[in-house]
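Hi there,

Here is the structure I promised to pass on. My notes on it follow below.

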Amino acid sequence: MGANSSSISELPENEYLKKLSGAESISENDPFWNQLLSFSFTTPTNSADLKLLEEATISICKSLVEKNPRTGNLGSLIKVFLSRTKELKISAECQNHLFIWQAHNALFIICCLLKVFISRMSEEELQLHFTYEDKAPGSYGTECEDLIEELLCCLIQLIVEIPLLDITYSISLEAVTTLIVFLSCQLFRKEILRDSIVHKYLMRGRCLPYTSRLVKTLLYNFIRQERSPPPGTHVFQQQSDGGGLLYGIASGVATGLWTVFTLGGVGSKPTPQLEQCSPLANQSLLLLLVLANLTDAPDTPNPYRQAVMSFKNTQDSTAFSSSNPHAFQINFNSLYTALCDQQKSDQATLLLYMLLHQNGNVRTYVLARTDIENLVLPILEILYHVEERNSHHVYMALIILLILTEDDGFNRSIHEVILKNITWYAERVLTEISLGSLLILVVIRTIQYNMTRTRDKYLHTNCLAALANMSAQFRSLHQYAAQRIISLFSLLSKKHNKVLEQATQSLRGSVGSNDSPLPDYNSATRHKHFPINARYPEEIGSLPCDDLMTLVMMQK
């Protein structure tokens, strides 16, 4: 790159990049690094430009992969970055733009190169590139320095210790992004990485003491939703508040990780690209989810999952358990508000599911909120627009409802919350309806959509389970909700009877002159189609008397 590079087309012929990837070994103290890192680059803001960047730099990256085992230039670049980060906190406090700018540019290049290295080699081969050390002739027994752990620890320290200011926003984003790229090794492996070198460093050794601080910082990044600073506040050229080139690179990596993380979203439609108002918040959330779901080591549970499972409210004065050294406190009110506001993304929905499922403190707090509609309404809207959502997003939203409806207090309170003018519900104008009745309408609509489109038996079972959980607490149902319950019951009964009739006729035709008695096909079919004809009468039968009378009168 260097000071003269300003466009993607110039990169393949850039003299500084050619030297970096060449056959000459460059010392970490060489003035070359000041020249290389003093670049102002017009950053791509869309996938087309990002692809052009990868195509323009592929020859340079291939050359470095080939020659780095002999030159060690990647290690020298990392050492230059590590030396500059030692004074980064002071530079932020003193508003030293130049120092932060060059440190950012060094990390920018490292992350771009790291993405190529990880995609082309195993972790063992990658480690060899990080452990190169130039030895003088005649020297023996010198232990090589492993820069992977040092770089990982430095990135975590940068995230948790550097104050988030306009001039540090981009380098904080790059640090989060680089950790995501490090964790992307799984994308290029068919088997689950149970003995990953990167995982080992993150869950043990020097990185372990930072576990709770890292999880807390990533959560607060998600909570605050800090926007990318305007172009005038950057010390390097930035065209928009979309996060820049490295955010684009990480978005591609993170999307791949997300696909692995959600088992590929089989049978789902791609989620529309959401506007990224805060790239740091989005990347922090993705990194948190990946860290919390790392595979446990054979002798060590995942400390990041332990931290997610055990953190408490700042207003909780009870002592921390000595069995969990990674517990911490966070403002639950701010977290709840962010979760309510961000449910349009499946990442935020997954975070909500994880917290409700694994953190008892969060679940208790959410169920005690008097404004629970702020959380439930976005979840219902996900289910209502089921045809526009990824299948894993719909499943997570439904499981969240299942968790909430396991609580009798929740099932009672939702019928006491009256909503006005639900504009996104298009089937009927709902000027006034209880939250409970709206929940029933949306779940029944999801069942009917599933019956005619996806025919997913698990979605069916979970929807009916949510209705069964709520049925004992149905109160003062909206007339339209009561009508939909009866209509669905009638539809399910007709479908069951049709299946039973077809099965019986088929069996009689195949028996012919055989005098053996017909089996109890009704019993067999009832077992096979349990979600249709067994669970739903349970819901109808558990309705309070006044609501049963309403249903009967409506049919007359």
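Which residues does Arg484 touch, not counting residues up to four places away in sequence? Leu441, Ile444 and Gln448 are the ones in contact with Arg484, where contact means heavy atoms within 4.5 Å. Arg484 is found in helix 23 (residues 479-511); helices (H or I, at least four residues) and strands (E, at least two) are DSSP runs, numbered from the N terminus.

Before the rest, a word on the ground rules. This is a predicted model, in which local features need pLDDT of at least 70 and side-chain atom pairs count only at pLDDT 80 or more, while totals for chains, interfaces and linings use all residues. Residues are numbered from 1 along each chain as its sequence is written, and side-chain values use heavy atoms, with hydrogens and water left out.

**Overall picture**

The chain holds 27 helices and four strands. Of its 556 residues, 52% are buried (under 20% relative accessible area; exposed is over 50%, partly exposed in between, with a 1.4 Å probe and protein chains only). Taking contacts between residues at least 6 apart in sequence, 74% join residues at least 24 apart.

The average pLDDT (the predictor's confidence in each residue, from 0 to 100) is 80, and 78% of the residues score at least 70. Residues 235-275 are one of them, with 93 contacts beyond four places in sequence in the model. Residues 548-556 also stay under 50, and there the model has nine such contacts.

**Charged pairs**

Side chains of opposite charge can pair when their charged atoms come close. Searching the whole structure gives seven salt bridges (a side-chain nitrogen of Lys or Arg within 4 Å of a carboxyl oxygen of Asp or Glu). Among them is Arg213 with Glu161, at 4.0 Å from N to O. This pair links distant parts of the chain, helix 11 (residues 211-224) for Arg213 and helix 8 (residues 147-161) for Glu161, 52 residues apart. Arg213 is partly exposed at 38% relative accessible area, and Glu161 is partly exposed at 32%.

Another salt bridge joins Arg305 to Asp296, with 2.9 Å between the closest N and O atoms; Asp296 is partly exposed at 37%.

Glu427 and Arg445 also form a salt bridge, at 2.7 Å from N to O. Here Glu427 lies in the loop between strand 3 (418-420) and strand 4 (432-434), and Arg445 in helix 21 (residues 435-454), 18 residues apart. Glu427 is partly exposed at 41%, whereas Arg445 is buried at 19%.

Back to Arg484: it is buried yet has no salt bridge, and the nearest side chain of opposite charge, Glu427, is 8.2 Å away. For charges, Lys and Arg count as positive and Asp and Glu as negative, with His and the chain ends not counted.

Helix 9 (residues 169-182) spans 20 Å from first to last C-alpha over its 14 residues, close to the expected 20 Å (1.5 Å times one less than the number of residues).

Helix 18 (residues 373-384) has twelve residues and reaches 16 Å, close to the 16 Å expected. Ten of its twelve residues are buried, so helix 18 is largely enclosed by the rest of the structure. The buried ones include Glu373, Pro378 and Tyr384.

Best wishes
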